[in-house]
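Subject: Structure handover and notes

Dear colleague,

I am passing on the structure we talked about, and below it you will find my notes on what came out of going through it. Please read them with the coordinates open beside you.

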Amino acid sequence: MIAAHLLTKDYGDKRAVDGLTFEVQPGIVTGFLGPNGSGKSTTMRLVLGLDRPTAGEVTVNGKPYAEHDAPLREVGALLEARSVHTGRSARNHLRALAQTHGIARARVQELIDLVGLHDVAGKRAGKFSLGMGQRLGIATALLGDPATVMLDEPVNGLDPEGIQWIRALLRGLAAEGRTVFVSSHLMSEMSMTADHLIVIGRGRLIADTSVRAFVAAASKDLVRVRTPDASALLEAIARLDGSVRVEPDGTFEVAGVGAEEIGRAAAAQGIVLFELTPHEASLEEAFMEITRGELEYSHEEVVA
Amino acid sequence: MTAIPVLAAPARGVTQARVVRSEWTKFWTVRSTRWSLLVATVLTIGFPILASVIISSHWGSQSPHDRATFNPLDPALIGSQIAQLAIGVLGVLVVSGEYSTGMIRATLTAVPKRLPVLWAKAGVFGAVTFALMLPSVLIAFFASQSILSRHDASYSWHHAGVARAVIGAVLYLVVVAVLTVGIGAVFRSTAGGIATFAAIFFVLPPIMNVLPSSWNSAISPYLPSEAGRAVIQLTHDSGTLAPWTGFGLFALYAAIALAAGAVVLKVRDA
């Protein structure tokens, strides 16, 4: 379990992480969501003690990470930035890290096989593609059989097959009772894997909730309607006090009126409908809705 | 296969000995190590043999004065003095290479207490330098002296001060190794570390020569490289420190560099 309490980190006069308090529970996949530059990677570095918090604290299984006797047994981490000597082979990289914890050489080979690097394990890591580098990073994370697995943007650079593999791996790790904490700036990725979400923007906590509740909170009652009889339908919706936005392709996005009412009104006046679809916000849209204004660079700022 | 294989034997705690084993593996599994050590060895042995052959072949044309002032240890230890360049660069790289590649993040995630990593790096590199340079310098000494012996211009191992100077040349390189690991940890960048090493060892001493001579003679003996060289020199005058005094001061500089590196490693964000 990871527990952050009022965690804060400044770099110079820029506040990267701002008073974050959250807990990451075992047995489920917790998504760590936020736009690029929102402080996800910094938070993970603070968990590992690579950076020192300006204020607040973060513990892993009850203690600061550095105070554990066998840290790699507590947390296995994949950071976004490359953390491998480019001149060393994947096998020797894993061996050297394993030796700090007295982990047997057989374990290294096991993990090389698990992540599918057996053909290239003797090659220098500097020659690896992005995807191979990610696989090596994941092998590194799993080296100590950790109770908590923390991965920063793990699907970056992976091919579709690799992405499927990561999703299954994350679910498998959670099913084994481990704490799984995985960051992404892609909502679609989170919707495939996460059970719970911690959402941040500009270093601040925006939401700490289940995926389902997150989507529900952001969903507005929108109904998509297509009709060949536009003016009649517009009048009908106006009588029901609904508002309509007409999309470029002629589809109506109706707000303030339910699908049932629109259907009845159309039937009563003989208006033909080609489509009548109640709309639930996707995780992507929910995220955009909830983090609006929290984005590091909104469009206005870019223009200005 | 989604579940990760369970560890047969669970990971054990991090100890200084395990960190040393890890650093030993890291040390030997990058190319820069083998190249630098090969260069250091070739220079240490090759230069003395080359120099002795040249001196020997021109012995007949030397003036009596030159013959009288000739110090047979000079060619014997010239190689080890040049080899300090390769040792020093490697010492910086042992640390700075981790920062330039990002490896440091993996290293400090495995050893979050941090300092054992620095002690292990200095210990491994110091020990390797000793183990490799001791035979190299001995070979250089005996090979060069046997070449020079035909002109009766060589020292035996038992000549006063010779054993101390030869072993001192090895110990000097060990201190260079530890000192440059410290410099690497302070600067964390290859360029900054190597520039500082070069400034201390190769720029500072000649600068002293343009200072007023009273300043020069007051400061020079206490410069790291000059203090360290005291143990390698056979004869000592008022301008040099006594052999082991100088070496002790040199070792103190290395300890200070390593301590400064330890503070930086412990305090700064990785």
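Strand S8 of chain A, residues 196-201, has 5 of its 6 residues buried, so this strand is largely enclosed by the rest of the structure. Please keep in mind throughout that the model is a predicted one.

S8(A) has pairing partners that run in opposite senses. Strand S3 of chain A, residues 29-33, runs parallel to S8(A) and is joined to it by 4 bridges, and within that pairing A:Leu33 stands opposite A:Val199. Strand S9 of chain A, residues 204-210, pairs with S8(A) in the antiparallel sense over 6 bridges, with A:Asp208 in S9(A) as the bridge partner of A:Ile198. S8(A) and S9(A) form a hairpin in which 2 residues lie between the strands, and A:Arg202, in the turn, has a positive phi of about 50 degrees.

As for the chain around these strands, chain A contains 12 helices and 13 strands, and its C-alpha atoms fill a box of roughly 80 × 45 × 40 Å along the principal axes. Of the 304 residues in chain A, 51% are buried.

Further along chain A there is an open sheet of 4 strands, arranged in the order S11-S12-S10-S13 with antiparallel pairing. Strands S11 (243-246) and S13 (275-279) of chain A stand at the edges, and each has a single partner strand, so one side of each is left without a neighbour in the sheet. From one strand to the next, the twist averages 25 degrees. Within this sheet, strand S10 (residues 222-226) and strand S12 (residues 252-255) of chain A are paired in the antiparallel sense over 4 bridges, and A:Leu222 stands opposite A:Ala255 in S12(A).

Next come the salt bridges, of which the count over all chains is 18. In chain A, A:Arg107 forms a salt bridge with A:Glu110, the closest N and O atoms being 3.3 Å apart; both residues lie in helix H4 of chain A (residues 105-114), 3 residues apart, about one turn of the helix.

A second pair in chain A joins A:Glu247 to A:Arg245, with 3.2 Å between the closest N and O atoms. Here A:Glu247 counts as partly exposed because its relative accessibility is 22%, whereas A:Arg245, at 52% relative accessibility, counts as exposed. Chain A also holds a network of salt bridges that links A:Asp10, A:Arg15, A:Asp18 and A:Arg204.

In chain B, the side chains of B:Lys26 and B:Glu23 meet in a salt bridge with an N to O distance of 2.9 Å. These residues both lie in helix H1 of chain B (residues 16-28), 3 residues apart, which is about one turn of the helix. How do helix H4 (residues 73-101) and helix H7 (residues 162-187) of chain B pack? They pack at an angle of about 20 degrees, with their axes 7 Å apart, and because that angle is under 35 degrees, H4(B) counts as roughly parallel to H7(B). The crossing of H4(B) and H7(B) is right-handed, and by class their contact has 16 nonpolar, 7 polar and no charged residues.

B:Ile87 and B:Leu173 are 86 residues apart in sequence, yet their C-alpha atoms are 7.3 Å apart in space.

With best wishes

Definitions and conventions. Residues are numbered from 1 along each chain as its sequence is written. Chains are lettered from A and ligands numbered from 1 in the order in which they are written. This is a predicted model: local features need pLDDT of at least 70, side-chain atom pairs count only at pLDDT 80 or more; totals for chains, interfaces and linings use all residues. Side-chain values use heavy atoms; hydrogens and water are left out. Axes are lines fitted to C-alpha atoms, for helices over the stretch in contact, and angles run from 0 to 180 degrees between N-to-C directions. Angles under 35 degrees count as roughly parallel, over 145 as roughly antiparallel, 65 to 115 as roughly perpendicular and the rest as oblique. A crossing is left-handed if the near helix is turned anticlockwise from the far one by less than a right angle, and right-handed if clockwise. Ala, Val, Leu, Ile, Met, Phe, Trp, Tyr, Cys and Pro count as nonpolar, Asp, Glu, Lys and Arg as charged, and the others, Gly among them, as polar. A salt bridge is a side-chain nitrogen of Lys or Arg within 4 Å of a carboxyl oxygen of Asp or Glu. Buried means under 20% relative accessible area, exposed over 50%, partly exposed in between (1.4 Å probe, protein chains only). Two strands pair if DSSP finds at least two bridges between them.
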